[in-house]
Amino acid sequence: MEDTMVSMTQKEALEILKAGHNAFITGPAGSGKTYLLNKYIDFLRKNEIGTAVTASTGIAATHLGGITIHSWSGLGIKNSLSDVEIENLKKRSYLKSRYRRMNVLIIDEISMLHHFQLDLLDRLFRSFKDENLPFGGVQVVFCGDFFQLPPVMRSGGAQKQFAYHSQSWQSLGLKICYLDEQHRQSDNLFLAVLNAIRNNAVSDCERSYLEARIGKAINGKIEPTKLYSHNADVDIENMQELAKIPGREYKFKMEAKGGDNLVEIIKRGCLAPDVLRLKIGARVMFVKNNFEQGYSNGTLGVVKFLDKENIRVQTKTGRMIDVSLANWLIEENGKIKAEISQYPLRLAWAITVHKSQGMSLDAAKIDLSQSFERGMGYVALSRVRSLDGLSLIGFNETALKVSGEVLEFDRELKKESEKHAEGIRITIKENPRKEESGKKLSAKLKSKKKTSTYQQTKELAEKKMPLEDIAKARKMTVGTILGHLEKLKEQGKMPDISHMVEEDDRRRYLGIQRIVAAGKTEDGKYPLSYAKELLGEDASWEELRLARLLINKEF
């Protein structure tokens with residue numbers, strides 16, 4: 001019976017998302033989950049709907065042009081929040097502004113978020129939105145695959161549990177969008193192996209296919225990424241590769257302040273090494289977001305220049321970055337309780353299977369002989385597009401299994417998805433032109449407003465009204481009001497709008513302005529795509545547009 005179920009298409013899932021439902025997008029690795037999310041994000045941005053684009057890990061966040069949910073929400077590395085701490089977070093103007101503007105929350109790689117962390121986020125959203133509804137009433141879209149690895153166990157912490165065990169998950173009434181059309185693997189033989197592992201049904205036949213890849217050379221010029229199950233093996237591999245490079249080795253030691261326990265908590269969260277060893281030519285990965293400098297957590301590159309105090313890295317895109325020291329800290333009531341300082345890099349010839357989640361690799365050399373977690377083999381193998389791009393060092397029985405609990409939960413998700421797919425098919429059948437007619441009506445209304453509305457916006461701005469208040473008074477979006485101001489600027493009629501940036505937010509806006517100004521074209525225009533690429537969700541499109549309007553203006 002289960003095999004006869006018809007999976008949901010990307011188009012059907014997109015319609016569910018556009019209808020504003022809370023949803024969970026899931027399916028096997030390579031089934032197009034991230035592609036669907038990006039399509040929905042494009043839709044939200046075109047319609048100027050405030051959206052938090054986040055993920056549980058830095059690498060996954062880069063695939064969406066977002067940041068980690070920990071960074072976006074203000075949760076940081078904390079595993080608990082008191083009422084007093086939440087009230088202190090609410091005093092931060094940039095967080096207030098961030099929560100106020102957003103109406104949709106997206107979290108990718110939800111499988112790596114602890115159940116208690118999801119409940120903490122629910123508390124934050126309810127508090128910031130001042131609305132006692134799940135996540136403050138915003139639309140919530142989760143994405144991920146629970147056959148991936150579970151949340152990393154905290155040292156001495158409680159038993160790890162997936163996000164779906166949280167109270168907040170149960171309260172959301174999620175529509176399930178289960179995708180299973182393959183877009184990553186085109187190798188049917190390899191797909192059969194992956195599906196066998198996913199269903200805890202590996203036979204001697206699948207084992208023989210994998211055994212044939214042990215020690216197998218990978219043809220072509222692509223240098224395979226090496227994946228290991230343990231950090232210790234990754235460190236050994238990286239140090240061996242570093243030793244092969246001729247030239248001087250430089251060492252950069254981490255500096256720490258504060259109590260030992262708090263410092264240890266920060267170290268576990270930041271991934272920067274106690275002692276960073278580098279040579280010119282070393283392959284590295286950034287382990288922190290700094291959009292102004294042009295990198296994010298997971299950005300790969302090669303060291304091009306080194307001395308005792310300077311590190312220059314060229315990323316895969318060709319961008320040259322002078323790497324500055326970064327700080328990680330724990331604050332309490334406005335006081336720094338613990339802090340560490342280190343260059344935000346680590347060697348990257350090899351990475352752990354955990355860090356590979358969300359990646360797509362053309363070639364990989366994988367050691368699964370010490371797999372200790374069910375799902376580890378599935379995650380590692382499904383990073384690769386075909387058997388030809390896979391070389392195995394070895395594998396054990398754990399690598400060929402997935403969680404029985406997750407397998408049962410996955411069956412329920414498929415059933416739910418089929419019900420939701422049937423519902424959206426009926427809706428589309430009954431209203432085949434609903435979306436198209438809605439677009440025409442929207443365009444018609446906008447064309448009527450354009451010629452008569454700018455002066456009204458100008459008059460309200462001259463009264464020193466905040467941007468959001470003008471939008472509210474005119475029953476328009478903030479994006480539309482910014483469009484009016486941009487048109488007024490073109491006509492040389494824009495009023496002074498410096499009051500639209502709060503005093504304690506001005507330093508941040510000056511930083512955004514510098515990045516916008518750096519993208520200036522030869523014809524004197526300031527396209528925002530460059531700034532958005534660097535800043536991601538650290539600055540909304542509305543903030544970028546306002547910063548551009550204020551270029552060469554004093555606050």
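I started with the open sheet: 5 strands in the order β14-β13-β12-β11-β17, with antiparallel pairing. Strands here are DSSP runs (E, at least two residues), helices are H or I runs of at least four, and both are numbered from the N terminus. Two strands pair if DSSP finds at least two bridges between them. I noted that β14 (320–323) and β17 (345–347) stand at the edges with a single partner strand each, so one side of each has no neighbour in the sheet. The twist averages 45 degrees from one strand to the next, taken between N-to-C directions of lines fitted to C-alpha atoms, on a 0 to 180 degrees scale.

Then I looked at β13 (residues 311–315), which 4 bridges join to antiparallel β14. V313 sits opposite I321 in β14.

A reminder to myself: this is a predicted model, where local features need pLDDT of at least 70, side-chain atom pairs need 80 or more, and totals for chains, interfaces and linings use all residues. Numbering runs from 1 along each chain as its sequence is written, and side-chain values use heavy atoms, without hydrogens or water.

Of its 71 residues, I110, L118, F135, F142 and W169 touch the most other members. Helix α7 (residues 115–129) gives the largest share, 6 residues.

Last, I checked L550, in the segment after α22 (541–549). L550 is buried at 0% relative accessible area (buried is under 20%, exposed over 50%, partly exposed in between; 1.4 Å probe, protein chains only).

Methods
Core = buried A, V, L, I, M, F, W, Y, C linked by side-chain atoms within 4.5 Å.
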